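Please examine the aromatic side chains of the model shown here, and the charged groups that accompany them.

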Amino acid sequence: MKIVVVGGTGALGAHAACYLKGKGHDITIASRKAPPKNTLMATLPFLQGDYVRRDFTPDRLRGFDAVVFAAGNDMRHLPTSENAEELLIRANVEGIPRFARAAREAGVKRMVQIGSAYPQATPELVKDSPYLRSRHLACEGARAEGQAGFDVISVNPSFMVGGVPGLPSYFLDPYFEWALGLVEAPLYAPTGGTNFMSYRSLSQAIEGALLRGEPGKAYLVGDETLSVADYLNLFFEAVGNPVRLEARDEEHPVFPSHTMVQGRGNWIRYEPDAEEAALLGYDRNDVANGVAEALAAFKTTHVKGSLLTNG
């Protein structure tokens, strides 16, 4: 299948691109900036553009069988000088459905849009969160563009963990730096917990959606529900640090409260539908493997990797 991965230089898009390439698909990377050198993505065909600026016209998307859209905006994309809600509306609520229309007009047959689990798993949070509301409306809007001959499927994952060799991680690298003692931070974890999922499981689900997903369906995917403390302890275990973090209801500099959409001390608990998980064909109980994959990627991007205690 000839697939363009939009957002293919971000963590989830890059992992999906590499995974799908390994499965024999013909992959093109699309993003605002070229993939970093010394990554597998840099060896793939590259289509430069910004979907928010309407760069991906039907003419540029013509010839692809499918799209994996992994470029939805989250809080990392919001500049402090601009109204965050306005940007979320422009990028997610308006931009993603508009991109889907362009793909349909180009003759693309299938589009898998990567969204967020939280509007689906915890709809009660959507009303008071502009970010979650934008994710919800993007999911609804993109799927509404589907019609005969153009299938749009959403895959909505939870809190993600994994790595891509040569690609730094905004979220995960600080956990390893903390566990290795490369940065000073108190040795406790915030209270609360959520569902976690590995990049590998998500990439498997993406391919499953491309091949077998029901047109117009939004799949809530995920893996293991863990406390934040148990999750962060996996990073300490991975680097060979015997410290065991206990949970405290306090702000933490490495895992700040805004990281948890449900708020510190609260939980998001859900179990993915077993039949849907089987249809999409993704692994379960894979979070520890995701941490190991993240550590392997961390070693490829940090000169301080020589300090790693497990070699």
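At what distance from the ring centre of Phe 64 does Lys 2 lie over the face?

## Charges over rings

Lys 2 is placed over the face of Phe 64, 5.4 Å from the ring centre, where a charge sits over a ring if NZ of Lys or CZ of Arg is within 6 Å of the ring centre and within 35 degrees of the ring normal. Over the ring of Trp 267 sits the charged end of Arg 269, at 3.9 Å from its centre.

## Basis of the values

This is a predicted model, in which local features need pLDDT of at least 70 and side-chain atom pairs count only at pLDDT 80 or more, while totals for chains, interfaces and linings use all residues. Residues are numbered from 1 along each chain as its sequence is written, and side-chain values use heavy atoms, with hydrogens and water left out.

## Aromatic pairs

The structure holds 15 aromatic pairs (rings of Phe, Tyr and Trp, the last by its six-membered ring, with centres within 6.5 Å; planes under 30 degrees apart are stacked, over 60 edge-to-face and the rest tilted). One of them, the tilted pair of Phe 69 and Phe 99, has 5.0 Å centre to centre and 50° between the planes. Phe 69 belongs to strand β4 (residues 66-69) and Phe 99 to helix α3 (residues 84-106), so this pair ties together parts 30 residues apart in sequence.

## An aromatic cluster

Phe 159, Tyr 175, Phe 176, Phe 196, Tyr 231, Phe 235, Phe 255 and Phe 298 form one aromatic cluster.

Terms used
Helix = DSSP H or I, 4+ residues; strand = E, 2+ residues; numbered from the N terminus.
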